[in-house]
Amino acid sequence: MDFNLSREHQLIRKMMAEFTENEVKPIAAETDLNSEYPRENIEKLFNLGVMGMCVPKEYGGTGADPLASAICIEELSKQCASTGDIVATHNGLCCDPILTHGTEEQKKKYLPMLTTGHKVGAFALTEPNAGSDASKGQTEAKLEGDHYVMNGSKIFITNGYVADVFVVFAMTDKTKGTKGISAFIVESGFPGFSVGKHEVKMGLHGSPTAEIVFTDCIVPKENMLGKEGKGFSIAMQTLDGGRIGIAAQALGIAEGALNEAKEYTKGRVQFGKPISKFQNTQFTFADMEMGCEAGRLLTYQAAVLKGQGVRYTKEAAMAKLWCSEHAMKTTTKALQMFGGYGYTKDYPMERMMRDAKITEIYEGTSEVQRIVISANMGL
Amino acid sequence: MKIIVCVKQVPDTSGKVAVNPDGTLNRASMQTITNPDDMNAVEAALKLKDETGCKVTVVTMGPPPAASMLRELMAMGADEGVLVSAREFGGSDTYATSQILAAAIDTIGVEKDDVVMCGRQAIDGDTAQVGPQIAEKLNLPQVTYAADIHKDGENITVKRMLEDGYMTIKVKTPCLLTCIKELNNPRYMSIGGIYETYNKPLATFDFEKLKDHKLIDPSTIGLKGSPTNIFKSFTPPQKGAGMMLEGDGKETCEKLASILAGKHII
């Protein structure tokens, strides 16, 4: 068992850390304050091959493994969880299901768009009445000749108003329950596709979240992803992988908060010494560090298992659950170390704390992760 | 056409500087980076590669770990690396280093339409001598302080940045250019580049490989052969904070005079 990163992974971490320091950190506060999609940085991430990095070379990507993608998301999220989220969604929830379940024609058409074509991808499963109970979606797709007619709406869609390619789940046979759900590749340019409400959120302000609406939306028959009726299983499988991305994002947020707090407490003098010298601060740091290390091991383990092609459902859920809860704890405690300053927008702590919260909710709440973990324990 | 870029791994001066008892830098104990001006030279070479499809070779002289720097530069887009490394080369000053690098570059081969690029100077020694010395030893025309480079056939037009203005020079290949930070913003490694870098060729030129080269005089290389003797190296103590005197002209002058008189300076 070797816990060292490969030399390629080490270089990827170094490159991403430099990029984050030079390009992401300087605009992170502004991105949050203005709820601005970091378009220029996403373009740069396309140029560097980070967007769609796990797509094989023949379809425009670099053939990176899931661990490499997790490392990129982790590094970006240390300074800007919104940027990490955009990448995690694009790589894990759009490129991955097309690569895994797409036909050769679909892969040849869409994967180059999502890599060298600089088109952003998204994933549309959640509906107003179908959150954790994803099987209750009402969006419907009816076959009419050579195309499907899609009607309904999806909410809380990350990359919603900037994406060009969506992996969408809709009922093709309402009588069959989850076995009546199918997956589709939908382009934002298809007739009948529109973007609804832009969500105003507690955090992740740079990540564009929106409702998307299908009004007699025409989806070519050949855009069904996977077999008819296999949508629910494709969604669940995709979310397993997506959870590695969210684990990496949450881990990055926790590590970012920890780093900021270390710097701050070493310089902040109260009662005659830097507050980093007080045992209460040090014990808190010890817990934060230990939690980050555990999160890293869980996340990298899940990513490596995915790369090896073995089942990793439980491991991904554990990584996501651990890292998201640790991110919430760490940002809360790190903010506390900043005292009143931490509560102001002059420091990144309040943003990191707001950003951390969503990781306990999306791509399966903490409660759903516990369902997934226990369902895989032979109980 | 090919471009040979000379690069140096230098101590990261944002960290702590460590010095050996003999006065040379204790490089092993310090974090290293690629010399910043050399990064601009690499970027200039990669831009010409983007335009012309030419080959870019990165060359460094240093201890074996310097190979990792070459891999990073190849992950940015350079095609191959040459590590010039031998105990006999250790401790070389600029005179000795330029001999060895000139011999290494000559071994790689400089043809009619080739260009050699260097950073202006390294942040550890700040001499700015190695680039020009290599040019002299290889009999190449040289243009230093390049702030802009345009290639048009066998001519290269270089905008040289001087203290009080610019000088535009047209030079024929083969030639040597030294680059400054105003020239460009170095690119990052790319994911694709990182996955390719360990499959790219990296050669090591050791003492055996270079010792018989006509440009090498074994008695004038390495620490012993270098004409430069380091008397003392140290981290200068940080200067104390300055004092600002405020008020109208006469008042501040009187105050200044009394402070200077108090220190027996006047």
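First, the conventions. This is a predicted model, in which local features need pLDDT of at least 70 and side-chain atom pairs count only at pLDDT 80 or more, while totals for chains, interfaces and linings use all residues. Residues are numbered from 1 along each chain as its sequence is written, chains are lettered from A and ligands numbered from 1 in the order in which they are written, and side-chain values use heavy atoms, with hydrogens and water left out.

Chain B contains 8 helices and 11 strands; these are DSSP runs, helices being H or I of at least four residues and strands E of at least two, numbered from the N terminus. Its C-alpha trace spans about 70 × 45 × 40 Å along the principal axes. Of the 266 residues in chain B, 44% are buried, where buried means under 20% relative accessible area, exposed over 50%, and partly exposed in between, with a 1.4 Å probe and protein chains only. Among contacts in chain B with a separation of 6 or more, 71% come from residues 24 or more positions apart; a contact means heavy atoms within 4.5 Å.

Let us turn to one helix. Helix α3(B) covers residues 94–108. Its 15 residues should span 21 Å at 1.5 Å a residue, and the end C-alpha atoms are 20 Å apart, which agrees; the expected span is 1.5 Å times one less than the number of residues. The helix is mostly covered, with 11 of its 15 residues buried, including Ile100(B), Leu101(B) and Ile105(B). At its start, a side-chain oxygen of Asp93(B) comes to within 3.2 Å of the backbone nitrogen of Tyr95(B). Just after the helix, Gly109(B) has a positive phi of about 105°.

Next, a pair of strands. Strands β8(B), residues 155–162, and β9(B), residues 165–172, run antiparallel and are joined by 8 bridges; pairing requires that DSSP find at least two bridges. A hairpin of 2 residues connects them, and Thr157(B) stands opposite Lys170(B).

Now the interface. How many residues of chain B are in contact with chain A? There are 11, and they meet 21 residues of chain A. The two chains bury about 1400 Å² between them, 68% of it on carbon and sulfur atoms; this is the accessible area, with a 1.4 Å probe, that two parts lose on being put together, summed over both. In chain B, Tyr188(B), Ile191(B) and Tyr195(B) lose the most area, together 50% of what that side buries. The rule finds 1 salt bridge across this interface, a salt bridge being a side-chain nitrogen of Lys or Arg within 4 Å of a carboxyl oxygen of Asp or Glu. Lys14(A) and Glu72(B) form a salt bridge at 2.9 Å, N to O.

Over all chains the count is 36 salt bridges. One of them joins Lys2(B) to Asp114(B), with the closest N and O atoms 2.7 Å apart. This pair links distant parts of the chain, 112 residues apart. Lys2(B) counts as buried because its relative accessibility is 10%, and Asp114(B) does so at 3%. In chain A, Arg354(A) and Glu350(A) form a salt bridge at 2.8 Å, and both are buried. They lie 4 residues apart in helix α9 of chain A, so about one helical turn separates them.

How values were computed:
A polar contact is a pair of N or O atoms within 3.5 Å; within protein, one must be able to donate a hydrogen and the other to accept it, and residues adjacent in sequence count only if both atoms are side-chain atoms.
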